[in-house]
Amino acid sequence: MAIDLSSGTCRSFVRVRPYTPSEAKVCPEGSAVPRTILEWDGDETINVLDAQNNFELRRNGIFPVGNVLWSFREPDGTFPTAAHKQVATQQDVYNKVVAPMIPAIVEGYNTAFCVAGASSSGRFYTLYGKEPEGAECGILPRFADDIFAALKRNAQANSTLSVELEAIDIMGEAYVDLLAVTRRANADSQDTLKLQMTPAGPRLIGANSVDIEDATQLQKTIRQLFHIVEKRNCTHTVSLRFTETFEFEDPENFNQSVSKSRRVQVLFVLLRNMPSAFQRCIDVAVEHDSGENPLAKVPVRESAFTRLYPSLLQQGFHLNFISCVSPYYEYGREDINTLQFSMKVKQLKGRPKQSQDESLVEMRRLADELKDLKVEEKKQNAAMVVVQNELNAREVELMKQEAKYNKVANDIIESQRSVKLATVGRNLEADRSNRVRREIDKELNAKRAEIKKFQAAQTSNQTTTNKLMRDADDAKVRADAAEKKVEKQKENMAIYEQRLKEYEADDRAVEKIEAFNLAAPDEQKAMLIADSEEKKRADAAVQRIEHERASAKAFDDTDDRVRELQKEYDVAYEKTGPSREKKQLEDEIEKNQKEIDDAEKEMRQLQADIDEKKSQCQCSLM
């Protein structure tokens, strides 16, 4: 997160470390539990307590330090306020101290991060961490990952970046090149390093530097320094010089390029065992920057550290101090000194100049404009492509619409032609329909006349049929009467025949008696045989059959009656045609025919019986 650096005020932080495992087990005299000598109000003030005076507030022990990085945890796990629960981790320290300064570094401002404090206050842990990798790494390894990503995001299209790293330890007035130490087996051997002024500032002649290409190489170098610095106890500095070179086309010389560079220095300092001369430099710089003595000049040549980095206390860097203190009761005096130091450096100012000249600024501006113009050109080209594609699409759409219009026009013309043909056809069909309708009307009228004639004829035929039916009914009645008369006559004839048979029987008996009296004995014997009961029964049966046959033939006038009825029916059928009475007449004819067949069957049966009786009689006589 970027911050406002227009005021140039030094950013000072105080970090309170937690107990070590051994400190957490030690209780001060008169206390049953471990007690801290530092109290934080949860805002900007840290109070120092007096372990010798029952942990009462020390005289002049209130320090409004401002930014507090509270990493302390109570051994019992309690938290005095809600702010104490938000324990500052390594990531939190980096996010509050280093991360906000990365945009200023990218813009070209020199920046310094100084870690101060007494021994065992957590200085080394804050700078490097417990390990140079992982969740507990310090601000320097984390910075190595983020700075390259930030520079890459803001890099110009025609720029190149180079990074140079130096690692110098300061032991009193001597300088130790840690990069040279890493290349030697004996870390205590030293080469004489001579400080010399150059256009870029003071430089140590003979000091080794490493050209860093990416974050991975920088992390590798930091891991090497970690193992060396961990064993040393002197002021330690790591200087990173970022050089960004821009190449521009020379507007006066065609196909010629102009190079301009800007340099940014980032300094990480671990302040340990600083001499009193450095303290005097701090005091003078505070007097100058606070306005107490604006004419004061910082005596930078009095200490080896200020000679190597003279602009650090002369407003040449954005200053960021982390003052580390210990909560353990034995470090009370060291904590007070460190807090006083933190209060003092808060008054320092840092107004570094942006490390680029006016021509570079102008050329960068022109490069930015050129980049913007290229981007705009790409956008315009893309827009032109879009517009051209849109025009092509519209042209294709217009062509499709034109083809569709032509098709529709042709369809309309074809439809009009079809409509005309349909109209002509409809007119012709109407004329044809009118003619047909007239012919149909004519035929219909003729049919109606025929129907009327047919109805009249039907009415006449119905009348005739009714008359014939009445006549037929009368004939049926007459036939029924005739049948009844025939039946009556049959009954009378049967009576007459019965009487006649009785008379004839009496006559024959008389004649037989007379003949028997006059006959000879043999003849009488024959007569007795002839008069026997069996002979009588046989003769009677034969006579009866003969009589019935004669009677049947005498009274059988069915054929004549059927023929008469058939004639009457044929006359009625020819006049009236098929009608409902025909079925009745046919049924009656069928009935009469059945009666005839039954009579013939009966006559054949009687004839058979007569023949059988005759044969039986002959056998008896024999």
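Guide: Strand β1 and strand β5 (residues 67-70) run parallel and pair over four bridges. This is a predicted model, where local features need pLDDT of at least 70, side-chain atom pairs count only at pLDDT 80 or more, and totals for chains, interfaces and linings use all residues. Residues are numbered from 1 along each chain as its sequence is written, and side-chain values use heavy atoms, with hydrogens and water left out.

Visitor: Which residue of β5 is the bridge partner of Phe13?

Guide: Strands pair here if DSSP finds at least two bridges between them; strands themselves are DSSP runs (E, at least two residues; helices are H or I, at least four), numbered from the N terminus. β1 and β5 have four bridges. Within β5, Phe13 has as its partner Asn67.

Visitor: And in β14, what is the bridge partner of Ser12?

Guide: β14 (residues 318-325) also pairs with β1 in the parallel sense, over six bridges. The partner of Ser12 there is Phe321.

Visitor: How many residues of β1 are buried?

Guide: Buried means under 20% relative accessible area, exposed over 50%, partly exposed in between (1.4 Å probe, protein chains only). In a regular strand the side chains alternate between the two faces of the sheet. One side of β1 has Arg11, Phe13 and Arg15, the other Ser12, Val14 and Val16, all buried. For β1 (residues 11-16), the count is six of six.

Visitor: How far apart are the end C-alpha atoms of α10?

Guide: The expected span is 1.5 Å times one less than the number of residues. With 14 residues (332-345), α10 should therefore span 20 Å, and the end C-alpha distance agrees: 20 Å.
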